[in-house]
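Keep the structure in view and try each task before reading its solution.

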Amino acid sequence: MADVPTTARVVVIGAGIVGNSLVHHLTRLGWTDVVQIDKGPLPNPGGSTGHASNFIFTVDHSREITDLTLDSVAQYKEMGVFTQSGGFEIARTEERMEELRRRMSSARAWGIEAELVSPSFVKEKVPFIEEDQFIGAFWTPGVGVVDSLRAGTIMRERALATGELTVVPTVEVTGLDTTEGPHGRRRITRVRTTGGDIEADVVVIAAGVWSPKLGDMAGISIPLTPAVHQMISVGPCPQLAEREGEISFPIVRDMDTFCYERQHGADMEVGSYAHRAILHEPEDIPSIEQAKLSPTEMPFTSDDFDPQLEQAYELMPELLGAEGAEMRYAINGLLSLTCDGNPILGESDVAGLWTAAAVWIKEGPGVGRAVAEWMTDGHSEIDLHHSDIARFHDHQKRREHTRLRTTESFIKTYGIVHPGEQYESDRDQRLSPMHDSQEKLGAVFFETAGWERPFWYETNASLLEAYGDAVMPREHEWDSRWWSPIINAEHLRMREAAAVIDLSAFCIFDIVGPEALDVVQTTCVAQCDVAVGKVVYTPVLDAKGGFRSDLTVMRLGEDHFRVVTGGAHGMADRAWFAGHLPEAGATTLTDLTDDVSTIGIWGPRARDIVSSLTADDVSDAGFGFLTCREIDLAGTSVLASRISYVGELGWELYVPMEHAAGLWEALLEAGAPHGAVPAGIGVYGTTGRIEKGYRAYGAELDSERTIVEAGMQRPKVKAADFVGKEAYLAQREEAPRAVLCTLTVDDHTSASGTKRYMLGGEPILTRDGGTLTDGHGHHPYVTSAGSAPSLGKHVLLAYLPPDEAVIGNQLAVSYMEELYPVTVGSIDATPLLDPTNERIR
Amino acid sequence: MVDPLVCVKRVVDATSEVVLTDDEQGVDGRYAGFTTSAHEECAVELAVRIAADAGGTATVMTLGDDDAVEQLRAALAVGCAAATHVVADAQAFGPADVAREIAAVVRDHEAAGTPHELVLLGNDAADTGDFQVGIRLAYELGWPVVNGVSTVTVADGEVTASGSGPDGHETFRLPLPAVVTVLEGGVEPRYPSVPGRMKAKKVPIEERRPTADPVGPSRVRLVLPPPSPSTVQVLGTGPEAAPAVVDLFEQLGVLAR
Amino acid sequence: MIVVLVEVTPAGEVVETSLEAMTFARDLAAAGGGVPIDAVVVGQPDEALVGTLASYGARRVHALTGPAYDSFSGAAWAAGLMAVRERAGAVVVTAAGTPRGNEVLAHVAARSGVPMAANVVSFGSLSPFTVTRQVVGGAALEEMSLAQRPAVFSLAGHAVEATPAPAAGVGELVAETPEVADADLVARVVSTEEPEPDLSGTLKSARVVVGAGRGAGSAEGFDDLLELAELLDAPLGVSRVVTSLGWRPHHEQVGQTGSRISPDLYIPCGISGAIQHWAGCSSARTILAINTDPDAPMVTKATHAVIGDLHEIIPAVNAEIRRRRA
């Protein structure tokens, strides 16, 4: 048994599927002096990997998770530990069939072989299933099972073979020491263990359900919760025993009862996601000595499973009721859940301290590779922004939040989750100063980063009559769920008069100091060495030229820049900028998000309204587009910035929180005679921007997309160096492999006669349903979809193969397994509405 | 027809390191979970077989808190057909208290026209290890008691029980009614089947309160024994240690054929 | 006065644990100011047996004889023991914590209406009288008060080492033929047979036992272990989790509720060494533990250990045995 070394370049804590994958990929990428420790023995240290059911369904609605899964499958296959079995997701209800049709969209979009099949098709492959219990199924032939423990051993041994890895099992971490670094950011220095201390520059917490406990040792939050997934094993079943090997029948996911049946030799494993959420605290997980089986195989609570048993029996009575088939093994297996269902990856607030947690077997090897790349190069091939540990806002770092959200979401593991679906628990965490006023206006609140944001205002329902069919009402319940035609009415009123929009969720931070210009120049693509008072909209790239973000920068002084970015991704942006502060310098980053509120006012009457509240010159000549300055507005000093994400004349007004409510009321009051209304995020985030073809980070833009493909390149590239410049220059020289286009839907009529409206994620096909493939080998899908009420069209954004990116090109979108004709309307950032941007002037 | 009553107790599944409750009065089961003592699982199996052979009904009973229903359901899932739950804090009940409560159930069932001619118990509970409830029950009922046997059959109003004793394999034969306490090993308790478990869920459970306040178990507190120091000699790690292992075999003389 | 029920082997010798009970009773008697100790045996003892008990401090040896004692009945034994106790006015009745000892004492306690403590390992104060006893198969200890008289308790095996008294007792043999009610003879042994060589028989008497636990991984994970067992001509013994998972039959189980083994060499592979299991194998002379976890109780309690995965180590050991034999 190796001793614990006293120093290491990197310490990986954990020898589950993630830790093992990490040490393999780190050593493969040239890392030396790698140490891996685990408190348990090898090859099964007792974490979630040890009891996983180990099957992999490849289709997920999330592209990020799907990519990680597909990469993992490729790695498992290469290691020879993947057994293909095929898998069915069966539907007992028509509602579920619709969800399976939606799943077909995802399969087509991600290019995964799948088809919708009849019960008899299923019966042929799974003879012991009761055909009359379900009405159809989603068949993925590529589904399979893996030996995750064996995979872990193989990867660890490969790392050991490089001579750069030392593995020390059965030592437990007792502390993580940090030291104060530049800008008050702490840095990891040492891992304390029961086998001695290790000095290390880099430490990765890959400790699964125990990760929060380790995070606490360094004062960082890793907001996941250990949660129970119940599983029983029934056997021996003669129908299964007849065949050799671990698995020879496809896995069945009984989606409507939230359970699965997976053959394991002569036994059938029945797993459940139907029971109540049973959560544990990481501190309450037993030690190896205390545990009956392993620490993550908690005592089975049979009462919770009983209803599931009946449903499983309904589906496979002959098998599960076979003579001699007994329930011999039953566990409450622990796995990791997070508030948003995504993993927790990346470098934490403590420099050098990384996390790779809340990862399931299907993503393990892919996550190991991606995080190792990230640690090596600063970015990964697969975009990981949904999984970035930097995404969490303070309210999300509370254990209470994780507990409440996972309690709510557990049942959604196999649930039908609408893309617009809102959480009910732990709401009202961040309220804008206008909240009370908005409630009176009948605001329907959606949540972003804890902020309650009005999506539309019920009091604007009075506009519906005025606009009639121009609000593009939706007939189908699914299309209109989490949506209202009032959004489109507010939109039309904005284009006609003006709208006042609460944007308090914006993440705002100031960069101040002698190196402030260097910091923004280094991080931003656009020229930031501009006159004081200029506003710059800019992409932010990673080193390989993929998007990290897009945001606006205001130069408020020679050494003073203010960055304004979306709330959802703001924390990651802040971490990115903070990471580029010179270590030795005096430049600081200050978060103003909780101090400054933002109110937007846009529309043809915006200037009239604003000028009625100020003596300052707000004419185009006196206050030009893309400039900002302090003005006195309704008796309050406000930083006004003339910019627009909705394609209208107007301002973003940054106002101290304590004065925001007063300003809000003043704007509404002054606006009323001009026809202005309050408008929600439905307008700001979707209809307003999509008419203008404005791209959104997280939808059109992510680290796998380039400025050129997104059609956002400017004629010139600034002379100053910036992150991703080299890659960006190279991208400009190459023909793009995909082109972001705007498409409009020509006919919404479905076979049943109901008009259908796409919500995003749908595949774009040829008019007759043929597959399209871009230069990356990817298939085009809708990145954003929404009404364009001023155009009277439903607009889709999608990256198309370059030869399909032709204005007027007639294609189709597949929605719920029906084709709808679409036409390419724009092949670059040119908006369909007001292409010359007259309205903004 | 024989309608045996089998008595089970919800105990911590102490196959791992034992953790005590904060009040030092019991074993904490939150990590290890709860189970039925192994002896009692065999008693249940015997009761089910006796009832099946004789065309009777096996009834399971327990004294325990609300959670002890889990143990009743487990017994119902493997073939018991009725269940009685004396809802009480088992920790506060001593062996004499428990015997009194079982006797009360036996008498009440008899009064209700559903008598038990045979009561089966485990030889001793896996947690408290008192070795006496069955015997005390026999005195409560005025019935004979056979202790520590591993097989039990009933024929013609007589119970035949046997098990291993110090002088060999011992057999007892006596007329019903009788109390028998069972040691693990004579029968393989079955695991529940899926239909069995589903059926168990639907069986109504007779709930009752204790007939008297418990005298208690005379327990002062529980303590954990101190760990003993290790003197292990590690021969090596992994397959490389094989020669050292075989050297040890040779040294101990266990390799010669 | 203390009454000790003493068990005798079929060969007519005192059972070792009964001598431990005599030793413990002596310590208790000494703490109590030197009260006398009487032994009770069932059947007619020979001189040697009486001498042995005297050397352990017995003042008298009461021999229960008569038709009621021809074959075992717990109630009849208890009746005899109680007759002796009542006559002598004993305040303590004790025995070894064997199946017989616990059973007879339970009858005594039930008849006397007093508590009984099983498997005592030590005593605390005398007034009130408190004892410490094994619970949860020895994994925990219970401090228990035995305030009522007589104090009835059995002594756990190996709680004390059997040692003769510094000064022998008188050892007066007293014949006892108490009246035994018919009701006490209803439940009695009607026949005793030579123990049949049951399936676990080889396990109990084997010189070498190969053990296997959860580390085997699955029902299919025993091939190498079975091969090793064959190479060593040893039976396979398994932990409780292995039988409860259905991987191996119950008769192979070693432990508190399975077979208790005492081989020269026990090789537990992938067995963590829960108390349950340890209770069944602690009598092995040499233990070679093979386990991935160096801190597993089985490893720390073993005489020798190899750290690692049994699926890697056992094939190597098998190969090495074959190589040396070739």
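**Exercise 1.** In this predicted model, find how helices α3 and α4 of chain C pack, and which residues make the contact.

*Solution.* 
- Step 1: Locate the helices. α3(C) covers residues 74-88 and α4(C) covers residues 99-112.
- Step 2: Read the geometry. The angle is about 65°, and the axes lie 8 Å apart. The crossing is right-handed.
- Step 3: List the contact. α3(C) gives Gly74(C), Ala75(C), Trp77(C), Ala78(C), Leu81(C) and Met82(C). α4(C) gives Glu103(C), Val104(C), His107(C), Val108(C) and Arg111(C).
- Step 4: Sort by class. Seven residues are nonpolar, two polar and two charged.

**Exercise 2.** Work out how α2 of chain A is oriented to α10 of chain A, then describe their contact.

*Solution.* 
- Step 1: Locate the helices. α2(A) spans residues 63-78, and α10(A) spans residues 364-377.
- Step 2: Take the angle, about 105°, with the axes 6 Å apart.
- Step 3: Apply the cut-off. Angles of 65 to 115 degrees count as roughly perpendicular, so α2(A) is roughly perpendicular to α10(A).
- Step 4: List the contact. From α2(A) come Leu68(A), Thr69(A), Asp71(A), Ser72(A), Gln75(A) and Tyr76(A). From α10(A) come Gly364(A), Pro365(A), Gly366(A), Val367(A), Arg369(A) and Ala370(A).
- Step 5: Sort by class. The contact has five nonpolar, five polar and two charged residues.

**Exercise 3.** State the domains of chain C and the separation of their centres.

*Solution.* 
- Step 1: Read the domain assignment. Domain 1 of chain C is 2-185, and domain 2 is 201-325.
- Step 2: Take the centres over C-alpha atoms. They are separated by 37 Å.

Definitions and conventions:
Residues numbered from 1 in each chain as written. Chains lettered and ligands numbered in written order. Predicted model: local features only at pLDDT ≥ 70, side-chain atom pairs only at ≥ 80, totals over all residues. Axes fitted to C-alpha atoms, helices over the stretch in contact; angles between N-to-C directions. Helix = DSSP H or I, 4+ residues; strand = E, 2+ residues; numbered from the N terminus. Left-handed = near helix turned anticlockwise from the far one by under 90°. Contact = placed C-beta atoms within 7 Å. Nonpolar A, V, L, I, M, F, W, Y, C, P; charged D, E, K, R; others polar. Parallel < 35°, antiparallel > 145°, perpendicular 65-115°, else oblique. Domains from an automatic or database assignment.
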